[in-house]
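Hi there,

Here is the structure I promised to pass on. My notes on a few residues follow below it.

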Amino acid sequence: MKKGLTILSLVVALLLVVYPMYAQSRFDRSATIPAPELDTGGFGNVVAGVDLDGDGRTEIYAVNNDWKDELGKDLVPRIYKYEKNDQGQWEQVWGTRLPLNFQNTWPPLAVADLDKDGKGEIVWGPVNNLAGGQQPNPPRIVVFETPGDGSDIMGIDNGDGTFSPNAQWTIVDQDNVELRPFRWFIVDIDNDGADEIVTIIRRGSPVVQVYSVDNIPDNGDGSETWTVEFAGGGDARHWDLTVLDSTIYAIAQSGDVTPITWVASGDSFRVGATQTELIPGGSWKSAVTVDLDKDGTKEILVAGWLDDAEKRVWLLQQDADTLKATEIANFSDHPEIRRLNGGAAGDIDGDGWTDYVIGTRDFDTPPNGTNAVVVVSYQGGDITDPGSYKTFVLDRNVIAPQGSQADVVFVGNVDDDPEDEVLFAGETRPFASGPPVLPISIVDMIPGNQPKITAISDVPNDQGRQVRVEWLGSEDDVAGSTGELITEYSVWRKIDPNLATKVTQIQETKKIMTIFGAEFEQVGVTKAVQNSEYALIVPTLVDKVEGSELPFLSTFIVIAHTSDPLKHFDSFPKSGFSVDNLIPTAPTNVIASEGETAEGVPFVQLTWDESPDPDFDYFQVLRGTESGFDPETAEVVGNTVDPQIIDDNVQVGATFFYRVVAFDFNGNRGEFSDEVSLLVTAIDNGKKEEAASIPKEFALYQNYPNPFNPTTQIKYDLPKDTHVKITIYNLMGQVVKTLVDEDQPAGSHTIRWDATNDFGQRVASGIYLYVLKAGDFVQSKRMTLLK
C-alpha cells in the first residue's frame with residue numbers, strides 16, 4: 001500500500017495530491033472467524049476475495065475438516081459463505097451440509113466457472129471416508145454455483161434449510177475405492193478454451209489426475225458429463241503440485257518432482273523424467289507459481305516440509321526439461337517451528353513485489369507452540385540471491401500456545417485496500433485435546449505513516465445522516481517519533497452532486513481537495529494525542545433506505561497532518577452508510593367531522609396536529625369498519641403532507657374508524673395515532689342549497705392526493721367568469737406544464753395533472769409548485785410527487 005504525501009495549496013480551494021514514499025509496514029490480525037460449534041475439526045480450506053453473487057460484498061468460502069472423528073460434528077462435511085455486514089463484521093450468510101455422515105481430512109477447494117456461463121462456482125472436494133462400507137462411493141467433487149440473481153444462496157434450495165450442489169461426481173464407479181484428491185487448481189491445461197480440474201491424490205492412485213465437465217446445470221438435474229482427461233504420474237505418496245503454463249509438477253513426499261506436460265501436437269499428456277530429491281523433505285500444499293521479477297517468465301516457490309532442521313524455501317526455475325532449485329530462505333533460527341506446510345502468494349505489503357506466505361506445523365506444548373505463519377518477501381533484484389528476500393513471522397499464538405498446524409493459507413484482497421490480506425486456519429495437536437480449534441484469521445497491513453480506516457458504522461438511535469469513522473493512527477503519532485510528529489487528523493467525504501449538496505460549514509470554509517481522482521470535502525477534525533486508535537462522528541451524504549435502489553454509500557478518507565502544512569499522509573478510501581434509526585412521532589389530536597360537497601356527496605374530514613419531526617415526509621390515513629381494526633391490513637384512504645384529509649368514499653348511516661401514521665424521508669413508519677370514529681348522517685337541504693351556490697371568493701385548494709403517484713387533482717373556486725391560468729413549476733422556478741390557460745365560468749372547478757411536462761414526458765419525483773392566476777387573483781401551493 002502506497003502512502004500519499006500530499007502537497008497542500010493554501011491559497012486555492014482545490015488541493016492536489018501526490019503519493020508519498022513507503023514507511024516500514026506493520027501487520028495486524030484485523031479479524032477472526034470462529035469455527036461453528038459442530039465443526040470440532042476446524043476449517044479444512046478457505047478461498048476468498050471474490051464476489052460471486054455480485055452484491056458488491058467480498059466473500060469468504062470455507063469448508064470444515066475432519067480432525068477428531070466425532071459423529072454428527074466434524075465428520076459431517078459442511079461449507080460456509082461469509083460476507084461483511086453493515087457494521088463491517090464478517091458473518092455467515094449461507095451454508096449447508098452434504099448428505100454424508102463421514103468425511104476425511106484436508107479437502108481441496110477452489111473458485112471456478114467451469115461451464116463459462118458467467119455464474120461463479122465453488123468446487124469442493126469432500127474427502128472420501130468409506131466408513132467400513134457405510135459410504136462405499138461418495139461424491140468426491142461437488143460444485144455449488146451462484147444462481148446469478150444477487151442472492152446469497154449457492155446451489156439448489158432443498159426447502160429444508162439445506163442446499164444441494166449443482167453438479168457432483170464420484171470420479172470412480174467402483175465401490176470402496178480409496179481416492180482422496182488433496183489439492184487442485186482450475187486451469188485450462190490443454191488450451192482448449194475450457195477449464196479443467198488438475199489435482200494431486202494424497203491417498204489412492206494414479207497420483208496426478210485431470211478432470212473436465214461439459215456443464216454445470218442450473219437446476220442440478222445430473223445432466224452433466226464428467227471425463228477423466230488424464231490419470232498418471234505413479235503411485236508414490238504425494239502432498240503437492242503446481243501448474244506452470246501447460247506443465248503439471250507433482251511433488252512427492254521424498255522430494256522427487258515429476259513433470260507432466262500437455263503436448264498439443266500429440267493431443268495428449270507426456271510424463272517427463274522425475275528429478276529425485278529436488279526438494280528435501282518434499283512439500284505440503286505449499287507450491288505456488290509466480291513471476292517474481294515481472295520479466296514474463298514464471299517461477300515456482302516451494303517450502304520444504306519434512307525438512308525439520310533447516311526449514312528451507314526454494315525457488316524453482318525451468319531449465320529446458322528440468323527444474324533448477326535454489327535455496328532463497330530458511331527458518332532454521334525458529335526452533336519453535338517444526339515444519340513448513342501450506343503456502344500462498346500475493347502482495348501483502350503493497351510494494352508491488354511478491355510475498356510468499358507459509359503456514360507452519362509444530363507438535364510442542366506451551367511455551368513453544370505458536371500456530372505461526374511466516375513470510376518470505378521478495379524485495380526486488382536478483383531472484384536467485386537470498387539477499388533479495390526478507391523473512392519474518394507474520395502472526396502467531398492465535399489461540400493459547402500449544403501444538404498446532406496452521407496449514408490452511410490463502411492470500412487475497414478481502415477489504416477496500418489495494419494490498420492483499422492473509423487468511424489462515426488449521427488444527428490443534430494432539431488430535432483430541434486442547435482448546436478450541438484455530439479460527440480463520442485475517443491479517444492486514446498497517447502502513448507506517450498512513451492512517452488506516454478500520455470501520456465506518458452507523459450511529460445508533462439517531463435521525464440518520466451521520467456515521468462513526470474509526471481509524472488506526474499514524475506510526476509517527478507517538479512521542480519520540482523519528483519522523484514528522486502528527487498534530488491532527490481530518491476526515492474528508494467524497495462529494496457526489498447527485499446525492500446532496502455540501503454541508504454549510506464546508507461551503508463557508510471551502511476546504512475541498514482532489515484525491516484519487518475525485519473531490520473530497522472536510523467533514524471533521526480531531527487533535528492527535530498519541531493514541532493508536534481514533535474515532536470521529538461525521539455527516540454522510542444520504543441515509544440507506546431499505547428497498548430503495550438509490551445510491552446510499554458515503555466514501556471517506558482520513559488525513560494525518562504534521563506541523564508542516566505541506567506534508568501529510570492520506571488513508572485509502574473506505575465507504576459506509578448511515579441509517580435513520582428513529583421512527584416518526586405518532587400523530588396527535590386527530591379529529592373527525594362530516595360534510596357534504598356541492599353535489600351533495602357526503603364526506604369525512606380528518607384533521608390533526610403538525611408533525612414535530614425534522615425529517616417528516618408525509619402522513620398516511622387508514623380506515624376500518626369496526627373498532628380496533630388492524631391498521632397493518634386496513635384500507636388506505638390516502639397520503640398527505642398536510643395535517644388533514646378528505647374521505648369522500650363514505651355512506652350516510654355508516655360508522656367509519658380511522659388512524660393516522662407518519663413516515664419520514666427514509667421510509668421509516670411511526671406509531672399509529674389513537675383511533676377516532678364518526679357516524680355519517682344526512683345534511684339538511686338548506687345546507688345543500690348553500691353548498692351548491694356560486695363561490696363567494698377565489699380559492700385554490702390543496703391537491704388530492706398529496707403526495708401522489710401518478711396523478712393528482714387540483715380544485716379551485718371562481719366567484720365570477722374570468723381568464724384562468726394554472727401553471728406547474730419546479731423548485732428552480734422553471735415552467736414544467738401549463739394545465740389551464742382559458743376563460744372559465746364562475747363555479748368550482750377541478751383539473752387533473754398526470755405528472756408529465758409540456759412535452760408529454762414523465763417528470764422526476766420531488767416537490768412542485770402549482771400557481772393559479774384568475775384575473776388579479778394569484779395563489780400558489782406545493783405538492784409532492786413520489787415514485
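Let me begin with threonine 354, which sits in the loop that links strand S25 (339-346) to strand S26 (355-362); strands here are DSSP runs of E with at least two residues, numbered from the N terminus. Please keep in mind that this is a predicted model, where local features need pLDDT of at least 70, side-chain atom pairs count only at pLDDT 80 or more, and totals for chains, interfaces and linings use all residues. Residues are numbered from 1 along each chain as its sequence is written, and side-chain values use heavy atoms, leaving out hydrogens and water.

Threonine 354 counts as buried because its relative accessible area is 14% (buried is under 20%, exposed over 50%, partly exposed in between, with a 1.4 Å probe and protein chains only). Beyond its neighbours within four places in sequence, threonine 354 contacts Val290, Leu292, Ala345, Gly346, Val376, Ser377 and Tyr378 (contact means heavy atoms within 4.5 Å).

Valine 63 belongs to strand S4 (residues 59-64) and is buried, with a relative accessible area of 0%. Setting aside residues up to four places away in sequence, valine 63 touches Phe43, Gly44, Asn45, Arg78, Ile79, Pro107, Leu109 and Trp124. One of these, proline 107, is 44 residues away along the chain, yet the two C-alpha atoms are 7.7 Å apart.

And what about aspartate 721, buried or exposed? Aspartate 721 is exposed, at 57% relative accessibility, and lies in the loop between strand S49 (712-718) and strand S50 (722-729).

Happy browsing!

Technical notes: Helix = DSSP H or I, 4+ residues; strand = E, 2+ residues; numbered from the N terminus.
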